[in-house]
Amino acid sequence: MSQAAAAHYTSTGLDSRKIAFWTFIGSECLLFGSLIATYLVYEGRSVSGPTTHDILNIPLTSFSTFDLLMSSLAMVLALAAVQRGDRVKARVALGVTALLGSVFLGLQAYEFTHFVREGLGFTTNLFGSTFFTLTGFHGAHVFVGVVWLTTLLVRSFQGKLGPEKALNVEIAGLYWHFVDVVWIVIFTVVYLIQTTPIAGT
Amino acid sequence: MGTTTIPHTETTAPVAPTGVWSWITTTDHKRIGVLYGVTAFIFFLLGGFEALIIRLQLGSPNNTLVSAEVYNQLFTMHGTTMVFLAIMPLSAAFFNFIIPLQIGARDVAFPRLNAFSYWVFLLAGLFINFSFVAGPLFGANGLSVAPNGGWFGYANLTSVQYSPGPNIDFWVLGLQILGIASLAAGFNFITTIINLRAPGMKLMRMPVFTWMSFVTQFLIITAFPVITIGLVFLLFDRVFGTTFYNVAAGGDVLLWQHLFWLFGHPEVYILILPAMGIVSEVLPTFSHKPLFGYAVVVYSGVLIGVVGWGVWAHHMFATGLGPIADSVFSASTMLIAVPTGVKIFNWIATMWGGRLEFKTAMLFAVGFVSMFIIGGLSGVMHASPPADLQQTDTYFVVAHFHYVLFGGAILGLFAGMYYWWPKVFGRRLREGLGKTHFWLLLIGMNLTFFPMHFSGLLGMPRRIYTYGADLGLNTFNLISTIGAVVTAVALLVFVYNIWASRHDRETEANPWNAATLEWSVSSPPPVYNFAVIPTVQSRLPLWVADGVTPATQPSVPPAPIHVPGGSHWPPLTAVGILIMGVGALLHHAFLPSLITALFGLAVTVVSIYRWAFEPFEV
Amino acid sequence: MSEHSTAEHTHAAHATTMTYLVVAAILTVITVVEVGVFYMPAMKPVLAPVLLVLSSTKFALVVGFYMHLRYDHNLFRAVFALPLLIAAAVIVGLLFLFRVF
């Protein structure tokens, strides 16, 4: 094999960065899995203070969920545009994705401040601790994603996000969709399935 | 610009740069491996010194060498240091140096990320050990603020209520930072092993050391996130007043134990699998016979990794889990003895009928097998909950895990050191001193830990700084202490071996006549590893007739090889993370803490951006 | 084995813009159904299983189509599935150990 070919030889024909990123996503499953497990295990065990039924706002969070799902659509359209070399559509789609992500964060900030005013703080009870930590970790991931997407948008305006850089956008997309998928789980398990403990166990 | 490249001309091959800055900015897996090895070995000696003080304190009843407060710090730091700062990074030293060579690659998939892992490890190790002298910064005496809650930090001893000082903060933050290093390395090596194997190096042709390391990396990336969360909960409880481990608020201290052992049990397989991999290389080489049952050994390693996820609560048999949980975890724990036993039989069968050559590496490998059997037997005894109710929290457990971790992992790592020393440094360690080191260590280790089976069953609890004179424990403890001194002497012999052999004659590419690819390049290897990437046709490429030989690696590469230079962004990113940790440590002083943490965040983010956008070609 | 480049293999089947839009529509519909089910008192006894099935469908759609896993090399599926299974087992195990069931 020539040395030039050797420099780019891979055993699978796949890009190492994509493989590495999927392993990172795998580890994130365990990160959020532990947070979700803790939330579920502690659900209903708060000794005092507001809990799920008292305070969760389903209409607001349903809209957030829809917002994040649409941001995933925008993300995947952005990737397709970058792969095609369509600079304008790529910038619009990346911008919309980041914007929808920011809307999600704004709604979450509103929700958090509303909860605090209603008497549910980080340290109020088990629900406060588990809820804010779980959704806070998720929100922090969304924030990092928005920063990442904004960086890609700036690179695009600098003319440095052509089709040869599509993998960078693809990986940002994997991150963004995974964050969306984690929210799908959180929305279901925290907001929609509000369990109470079975008496006697 | 953060990078340099190494020039290549038509008549000379690239050569590694020299100087301290080239080491600080290195992205060469071989140099990173050496950095890991040297740093880890120093931490190993530090952890050993802590153990020696522990044993001197326990050598006689009612002793007053150290106070209870100091003793608590000693055993906590000994355990934390040995697990996270010695054994794991010593394994990482071998992952780094050996894996790319064994799979026929020029480096790992992400060389800068590799360097980053090392610097984060070093800084975290310094951070957590700084606690030994940091007392005055917190208005306390020296030797008072080092972590003191045990290496497993059980809640709610670690709460602010029962541990008001910064001790546990040092521990939590140190471990969090170390976790980043391990995770990054995990992504790196998984990708490397999947994607950078030489042509013909199918997965089932990889050396067993690479295979066991592969399984280890999967354990790392799945187990570390769990302890990350457990530590986050503890940190939040301590800093913000959340209620994760607060019983009065409805929390459960057992949540900590579950989260810790969900990590902790895979962690012990992380500690032992690389050593098992090393032994699986050394035994065939010095038996002049291929490994018996390669496929079965590989599958057993994979099975140990998978089943290892299902046994964690066997560390909690005394916490009232209930009969169903007890039975399930007892069964899974006994089950995991099977693939382990299979590997032991395969190792023995490898030696059976072979032409055995007892070089020092071989002695350590055989020592591993025998000591690990003993440790495994006491482990299986723990697997029965009723039996464990007597054994748990006694020195019987201390005996068990030191047989598997010292008699197992450490002996295995020494086997690797003697085996691969010539490849790394270009000269062999001396055999006479090596054999002395081995026998002193074997005797010392057994003298130290075998009596603990008896003192444990007689009821000597763990983590006590002294004991009464009329409990029947005096002789056992005295023998253990003598053993600890013998062990220390053995380690001095090893250090002397390194020093004495430093000017011995240089060695050839394959001094042991071994079979795997790392022995086809010079000792030490050129900076670019392989002048020509080999094509592999068997598991034992240097032992087959038309296979790879050192002769197939010309001293000057036939075509230009691009060797990436260094970068200073990985170490700078590590520094940023350390500064964030220091900020969190100061949480009692709000404004200084916030400013420090934000400054650290800024350094980290800027460094990551510069790293991402610098031109760097592998 | 012949040399490989780092470029992605081209796939015979590939998601199109229409695919993405259809998936987005399905995701929206499922979300509406989920919220609807939440508000229907008659569904209370089966709320949890129904919602878990619905959200798992959304999960699979995003992972399969938006994250492209349906079309990608098996390796990525394996690298994702193993930790995901471990995470699911950990959640279920802890729920049993803490007597939530």
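Helix axes are lines fitted to C-alpha atoms over the stretch in contact, and the angles between them run from 0 to 180 degrees between N-to-C directions. In this predicted model, the axes of helix 4 (residues 58-84) of chain A and helix 1 (residues 17-39) of chain C come within 10 Å and cross at roughly 170 degrees. Because angles over 145 degrees count as roughly antiparallel, helix 4 of chain A is roughly antiparallel to helix 1 of chain C. Among the residues that meet here are A:F66, A:L69 and A:M70 in helix 4 of chain A, and C:Y20, C:L27 and C:F38 in helix 1 of chain C.

Chain A also touches chain B, in a contact that takes 45 residues from chain B and 38 residues from chain A. The area buried between these two chains is about 3,200 Å², of which carbon and sulfur atoms give 68%. On the side of chain B, B:F187, B:N195 and B:I229 lose the most area to chain A, together 18% of what that side buries. Across the interface of chain B and chain A there are zero salt bridges, while eleven residue pairs are in polar contact.

Helix 5 (167-195), helix 6 (208-240), helix 7 (253-287) and helix 16 (590-613) of chain B each supply at least two residues of the side that touches chain A, and helix 6 of chain B gives the most, with ten residues.

The table sets out both contacts by residue class.

| Contact of helix 4 of chain A with helix 1 of chain C | 15 residues | five residues | no residues |

Note on methods
Residues are numbered from 1 along each chain as its sequence is written. Chains are lettered from A and ligands numbered from 1 in the order in which they are written. This is a predicted model: local features need pLDDT of at least 70, side-chain atom pairs count only at pLDDT 80 or more; totals for chains, interfaces and linings use all residues. Side-chain values use heavy atoms; hydrogens and water are left out. Contact means heavy atoms within 4.5 Å. Buried area is the accessible area (1.4 Å probe) that two parts lose on being put together, summed over both. A salt bridge is a side-chain nitrogen of Lys or Arg within 4 Å of a carboxyl oxygen of Asp or Glu. A polar contact is a pair of N or O atoms within 3.5 Å; within protein, one must be able to donate a hydrogen and the other to accept it, and residues adjacent in sequence count only if both atoms are side-chain atoms. Helices (H or I, at least four residues) and strands (E, at least two) are DSSP runs, numbered from the N terminus. Angles under 35 degrees count as roughly parallel, over 145 as roughly antiparallel, 65 to 115 as roughly perpendicular and the rest as oblique. Ala, Val, Leu, Ile, Met, Phe, Trp, Tyr, Cys and Pro count as nonpolar, Asp, Glu, Lys and Arg as charged, and the others, Gly among them, as polar.
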